[in-house]
Amino acid sequence: MTELETIARWVAQGARVLDLGCGDGRLLRRLWQTKQAPGYGVEIADAHVLGCIRNDVNVLQMDLEDGLAAFADKSFDVVILSETLQAIHRQEYLLREMLRVGREAIVSFPNFGYWRARIQIAIAGHMPVSKELPYQWYDTPNVHHCTLVDFEALCGKLGFSILERVVLTEGATVSTLPNLLGALALYRVTSPASTNPLTVPPQAPHQHRQQDQRRQPQG
Amino acid sequence: MIVTAHRARFTEPLRLSSGAVLPEFEIAYETYGELNAARSNAVLVCHALNASHHVAGTYAGDPDNVGWWDNMVGPGKPLDTERFFVIGSNYIGSCFGSTGPASTNPATGRPWGADFPVVTVEDWVAAQARLAERLGIERFAAVMGGSLGAMQALQWALSYPERVRNSIVIAATPRLSAQNIAFNEVARQAIMTDPDFHGGHYYDRGVVPVRGLRIARMIGHITYLSDDAMMEKFGRQLRRSERGFDFGVDFEIESYLRYQGDKFSTYFDANTYLRITKALDYYDPAADFGGDLSKAFARARADFLVVSFTSDWRFSSARSREIVRALLDNRRVVSYLEIDAPQGHDAFLLEDPRYHDALRAYFGNIAL
């Protein structure tokens, strides 16, 4: 199972999706194709924004560090932060924002507690470099690494409930000793205040649409 | 691309936002490319203050008069005229061929002058809708514009929601700030206090309020460029070998502004300048909705592309994000580009691969 497949499994049919740090929009495109889930991506890199437009995905060029002020409370079913958490400076703030605008959040990150990372630090004595963490310490965009234990502690502090967790290594699910044997962690979380239904009723579909409905973010 | 300007005449009266009625009017326009059989490939390009319907190409025998958005519109350009039928439309009140203050008032047989009504963005769009009907276009694939043109692209999506599939809104604001209005008022005062203005009836007297127009243009120009761009281009460079200790042209920027002002005053009409700046000041689609832009956009049905430039302090990126927020609140299809360009407001006219590649990709996704 891949990360993309795990996320797609967690997104309900027709759910409204916000993908933070969406890259070239391939996840949103897949969610539209497989789940008819309409959505928006947020991305800051010019090349990725262009990729999204080429992929016919709604993209908003904004800086996640500024929060999610563009989005109303509870305006999404699910807000996704895929392998971006470790590159964010104000993680608590962003996680809170995610569950302000969304009913659920999906967060994935490279597990810094993975045994290969531990060995590179503990035995080889250098910062971990791997498929999930491909950067050298001096050129990495990542500023806040964490382990499964760390992330779950933060969820506890923020009052988030963990609905599901999947840990992956080389495309295989890890169930034993996940914080040691898992390379990538995915969480589906919510907060008690996030379980209210969507406050904005969905609109009726357009009657005269000629364009591909793919980019239509209606619930 | 050799192009030809056209003029369409409309004899059915047009009721304006002010309550005044234009008994008849003309709109100057140009077209590029071919309307397809399904009539589904038409794109309307709306222009800003100092531009016209001459969007792209050149006129036969006049190779230097290149359209103002020639880097964006044409064969193989981001808005590809091999695929789209593009209309460049002038607006009423202009001095570039459409009915305006310099046109003859049918009631008097003399130029309208000060009696030409104050028009609004809504009026411009209503007049353009007549042009669309004349050209057989029921629904535009896109309406596109920058700055004041972007206001028209927005207003098209609000006035005629079913007639616009995509609204492309570049370097825009949903309403002018007090500072924006202040700059416009200084420009208007410069014109109206020029002794040659004669209350707007200067055509009969054979004079032009050149001094006022020059200053109006100089003020405008300052707001189109970023501080950095101006510093980069002119710095504190002197025009002469040393300071003159007089009030001649010392600095390059002074020379540039004077040159721009002089040039502008030879071709732009003062009464038009007053009306365009007033139309800008008045534009506020949220005004009828208690200032709530989200409510104003509830009737929009188009998909939107909103583009801003980070160094634009005239219509800053924050203003564009207000538009984006209102569209998100209404669950519109919208993409937003914030181009990190140094040039200021005028960046929308320049060729930046990030900007042009995105527009090219966006137009490429519009099904015909």
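**Ground rules.** I am working on a predicted model, where local features need pLDDT of at least 70, side-chain atom pairs count only at pLDDT 80 or more, and totals for chains, interfaces and linings use all residues. Residues are numbered from 1 along each chain as its sequence is written, chains are lettered from A and ligands numbered from 1 in the order in which they are written, and side-chain values use heavy atoms, leaving out hydrogens and water.

**Chain A.** I found 7 helices and 8 strands here; these are DSSP runs, helices being H or I with at least four residues and strands E with at least two, numbered from the N terminus. Of the 219 residues in chain A, 54% are buried (under 20% relative accessible area; exposed is over 50%, partly exposed in between, with a 1.4 Å probe and protein chains only).

**Aromatic pairs.** My search of the whole structure gave 28 aromatic pairs over all chains. Rings of Phe, Tyr and Trp (its six-membered ring) pair if their centres lie within 6.5 Å; planes under 30 degrees apart are stacked, over 60 edge-to-face, and the rest tilted. Phe71(A) and Phe76(A) have ring centres 5.7 Å apart and planes at 70 degrees, so I noted them as edge-to-face. Phe71(A) is buried at 2% relative accessibility, and Phe76(A) is buried with a relative accessible area of 2%.

Phe84(B) lies in the loop between β9 (79-80) and β10 (85-89) and Phe363(B) in helix α10 (residues 353-364), so the pair ties together parts that are 279 residues apart in sequence. Both Phe84(B) and Phe363(B) are buried. I also logged one aromatic cluster, formed by Phe96(B), Phe264(B), Tyr267(B), Phe268(B) and Tyr273(B).

**Charges over rings.** I looked for NZ of Lys or CZ of Arg within 6 Å of a ring centre and within 35 degrees of the ring normal. Arg163(B) has its charged end over the ring of Tyr160(B), 4.7 Å from the centre. For Arg314(B), the charged end sits over the ring of Phe315(B), 4.9 Å from its centre.
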